[in-house]
Each structure stands twice: as C-alpha cells, then as structure tokens.
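Consider how the side chains of a protein chain may be paired with one another. The structure to be examined is shown below.

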Amino acid sequence: MHESTIARRVLSAVLERMDLAGEARVRRVRGWIAETEALSPESVRFHFDLAARGTPAEGARLELELRRVSARCRTCASIYEPDHHLVLCPACSSTDGELLGPTGVGIESMEVEPR
C-alpha cells in the first residue's frame with residue numbers, strides 16, 4: 001500500500017507545520033504528485049482521510065495535482081515524457097534517462113484555522 005504510506009507522510013508534514021505555526025485545525029491542503037510515482041491522487045486522498053481521523057486534519061480536503069515530469073535520454077539527448085516510472089527513451093529505446101523535474105509528493109499550501 002504505497003498510497004497509504006505517502007498519505008501518512010503528508011499528514012505528518014501537515015501536522016508538524018500546524019504545530020510550528022500554532023494553528024488549530026486544517027481545512028485544506030494543496031499539493032502535487034509527480035506522475036512518475038504511478039500513484040493515484042484519489043487513493044492518496046482516501047488514505048489521508050483515514051489517517052487524519054481523530055487529528056486536527058480530520059475533514060480537511062486534500063487537493064493533489066498530477067504533474068508530468070520530463071526526462072532527457074543520456075544516450076541520444078532526446079527530451080520526452082516517460083510513461084509512469086519507466087524511463088524508456090522513445091527515440092532510441094535506452095533506459096538511461098535523467099528526470100528533469102521534482103518527483104514524489106509536495107505540499108504547496110494549507111488553509112488552517114487559528115487557535
């Protein structure tokens with residue numbers, strides 16, 4: 001359950017930011033998932049909702065944008081968009097590619113209620 005692990009990490013980061021800022025409740029979390037992770041934003045949201053029960057993030061909306069990450073072939077220098085996490089160059093079939101953007105999951109903003 002990769003989505004469950006990711007959701008718990010997002011929740012942990014959200015709760016840590018809340019503690020540092022002295023906030024009381026999370027209403028919305030906006031972020032992104034790199035398409036290379038082959039994760040379902042809907043599944044991450046589902047697991048986030050489960051993990052958030054009983055925490056100050058319970059009921060928060062997790063809005064995740066799926067982002068494509070381009071790659072550059074180290075063999076022929078072609079730039080392309082890989083299919084999920086497989087970095088296979090469509091020009092020369094090399095698997096020696098370099099991702100050109102951030103991967104994983106990121107949090108961009110949070111809406112919170114003050115204490």
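The model is predicted. A disulfide requires a pair of cysteine sulfur atoms within 2.5 Å, and by this rule the count comes to zero. Cys-76 takes part in no disulfide, since the nearest cysteine sulfur, belonging to Cys-89, is 3.7 Å away. With a relative accessibility of 33%, Cys-76 is classed as partly exposed. Cys-92 likewise takes part in no disulfide; for this residue the nearest cysteine sulfur is that of Cys-73, at 3.6 Å. Cys-92 has a relative accessibility of 32% and is classed as partly exposed.

The charged side chains give another picture. Side chains of opposite charge can pair when their charged atoms come close. A search of the whole structure finds 13 salt bridges. One of them joins the side chains of Arg-27 and Glu-113, with an N to O distance of 2.5 Å. This pair links distant parts of the chain, with Arg-27 in strand β1 (residues 23–34) and Glu-113 in strand β6 (residues 105–114), 86 residues apart. Arg-27 is partly exposed, at a relative accessible area of 37%, and Glu-113 is partly exposed, at 30%.

Strand β1 also holds Arg-28, whose partner Glu-63 lies in strand β2 (residues 61–67), 35 residues apart and thus in a distant part of the chain. The side chains of Glu-63 and Arg-28 form a salt bridge at 3.3 Å, N to O. Is Arg-28 buried or exposed? With a relative accessible area of 17%, Arg-28 is buried, because buried means under 20%. Glu-63, with a relative accessible area of 27%, is partly exposed.

A further salt bridge brings together the side chains of Glu-111 and Arg-30, at 3.7 Å from N to O. Glu-111 belongs to strand β6 and Arg-30 to strand β1, so this pair ties together parts of the chain that are 81 residues apart in sequence. Glu-111 is partly exposed, with a relative accessible area of 33%, and Arg-30 is partly exposed, with a relative accessible area of 32%.

Which residues are linked in a network of salt bridges? The network consists of Arg-28, Arg-30, Arg-61, Glu-63 and Glu-111. Among its members are Glu-63 and Arg-28, whose side chains meet at 3.3 Å, and Glu-111 and Arg-30, whose side chains meet at 3.7 Å.

Technical notes. Residues numbered from 1 in each chain as written. Predicted model: local features only at pLDDT ≥ 70, side-chain atom pairs only at ≥ 80, totals over all residues. Heavy atoms only, no water. Buried < 20%, exposed > 50% of the residue type's maximum accessible area, 1.4 Å probe, protein only. Salt bridge = Lys/Arg side-chain N within 4 Å of Asp/Glu carboxyl O. Helix = DSSP H or I, 4+ residues; strand = E, 2+ residues; numbered from the N terminus.
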